[in-house]
Amino acid sequence: LCGKTKNIHDGFSGIGDKWGKYSKAFRRSVYLILSSFHESDLNRKQKTLDKAVNVLLLEISEKMTTYCNSLYIPTLTLFGLGMILPLIILSVFPVISFLGMGIGIISVILLLFTSLLVSFLYSLSILKKRPIIFSPNKIVDSDKFLSIDGFLFEPLILSFVILFLFSIPSIFYLLQQYGIVLSGWFGIAVNMINTYSILIGIVISSSVFFYSKCFRIKFIRDEVMKLENEFIHSLYHLRNFLADGKPLESSIESVSKLMSGSDISLFYSDISNRIRKTSMPVDKVLDIIKIDSYLIKNTLKMIVDSFENGNKAAIKTTDVVYKYLIGIEETNKLLKNILDRNLSMMKTTAMFYAPIICGIVIVIFQMIVSASYGGLVSFGHSHMDPPVLRLIVGLYLFCFNFLIVWYTTKIEYGNDSIMLNFNMYRSFPVVFGVFLLTIIIAESILSGVIL
């Protein structure tokens, strides 16, 4: 606002009008804050400011609740378009071929990945309606390399190397489809492994890549979030010690002892030790102390600045900030419960049901192909090797899982790249593990029929 408007009233009005088109409650909250400037009675001023905060928090929770309740049909449609419909069509391909219509790899690829494109475009339309909620801390990870036994690797290059090494047997198997003959033990091994190795390579390489993008920075942010949560509740004790007439330095030390064993206790203890050793005031110590939380630093600085208006003003500031932060924390918990309840079925479907369906379809397709070669079914003019189909469906499952994880993470966390990478890293091994296990089990059960 500094230098851009004549006074704070015009600046606040401009902000309210600018962002009010996205949130009416935000605009109303801004004007309630402006209204509080003209309140001469302190109690009415406090009530007006409290109302400004409550109006915004209430709108956030109501909008997200309404949005989540409206997700059932769109999410069901998304799963149907992206998974059920293409696999149903894929499962009747042998019947279509029986009628004399040739079916090749291109037809299958076009079917599966066209459905993915349609699903992606449909998911974008759903995400555009997502309301704005609280965003997590932004922490920049300056270390772009993955360290293994002291050696540094660029994650993307390492992932490609892993994928290539695992893909070698599958590459030789695919080359056999174009007339290259492999004999001896190597040929036997390649035919046994067929396209499994490239799928395993995709899982391992993608997991390494996404893990390297999130593990370090997520650990740091989780620690910061835990510290902030403890800090919010420590403000209650800090306010009480200040109300007892203790100076801020002594109050910080008392809170540290009271909350002994917690992370915030160590932080307060660090501040107290620096004050004793350097005789520096609290605000100067806060300038030099390192912590990845603007919330903690700015709140403590606000409390320090309020002492200029006396001890009562500092107590009041601490009390108001504590109540506001508790309100935000409770709203966050409410939103998390709403999102977990509405997205849990979608996550379960993507991680378990989708790979099971894909695995069963592949085995049924393989069984029909085997039967056709036994003379039971004339498979038209085209034949697709079951391991090749397994590879295509596996790649499709990889992309579908990516889409669903991206979709659910966007709804739950917004543009949080850390959680997106973390959810990708967690989901791929589970999805492909279920997929491969389903194929193995189904082939074992139906081996008599296939043979």
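Patches, as I use the word here, are made of residues with over 30% relative accessible area and no salt bridge, nonpolar side chains (Val, Leu, Ile, Met, Phe, Trp, Tyr) being joined within 5 Å and like charges within 9 Å. I worked on a predicted model, in which local features need pLDDT of at least 70, side-chain atom pairs count only at pLDDT 80 or more, and totals for chains, interfaces and linings use all residues. Residues are numbered from 1 along each chain as its sequence is written, and side-chain values use heavy atoms, with hydrogens and water left out.

**Surface.** I looked up a nonpolar patch of about 1000 Å² (Shrake-Rupley method, 1.4 Å probe), whose members include I157, F164, W185 and F186. Helix 7 (155-176) and helix 8 (184-193) are the elements that give two or more residues to this patch, helices being DSSP runs of H or I with at least four residues, numbered from the N terminus. Helix 7 gives the most, with 8 residues, and I found L175 in helix 7.

**Helix packing.** I then noted that helix 9 (residues 196-243) packs with helix 16 (residues 417-445) at an angle of about 150 degrees, the axes lying 7 Å apart. That makes the two roughly antiparallel (an angle over 145 degrees). Their contact has 19 nonpolar, 3 polar and 4 charged residues.

For helix 6 (residues 105-127) and helix 15 (residues 386-413), I read axes that come within 11 Å and cross at roughly 0 degrees. This makes helix 6 roughly parallel to helix 15 (an angle under 35 degrees). Their contact divides into 22 nonpolar, 3 polar and 1 charged.

**Salt bridges.** I recorded 11 salt bridges (a side-chain nitrogen of Lys or Arg within 4 Å of a carboxyl oxygen of Asp or Glu). In one of them D263 pairs with K226, the closest N and O atoms being 3.5 Å apart. This pair links distant parts of the chain, since D263 is in helix 11 (residues 263-278) and K226 in helix 9, 37 residues apart.

Terms used. Axes are lines fitted to C-alpha atoms, for helices over the stretch in contact, and angles run from 0 to 180 degrees between N-to-C directions. Angles under 35 degrees count as roughly parallel, over 145 as roughly antiparallel, 65 to 115 as roughly perpendicular and the rest as oblique. Ala, Val, Leu, Ile, Met, Phe, Trp, Tyr, Cys and Pro count as nonpolar, Asp, Glu, Lys and Arg as charged, and the others, Gly among them, as polar.
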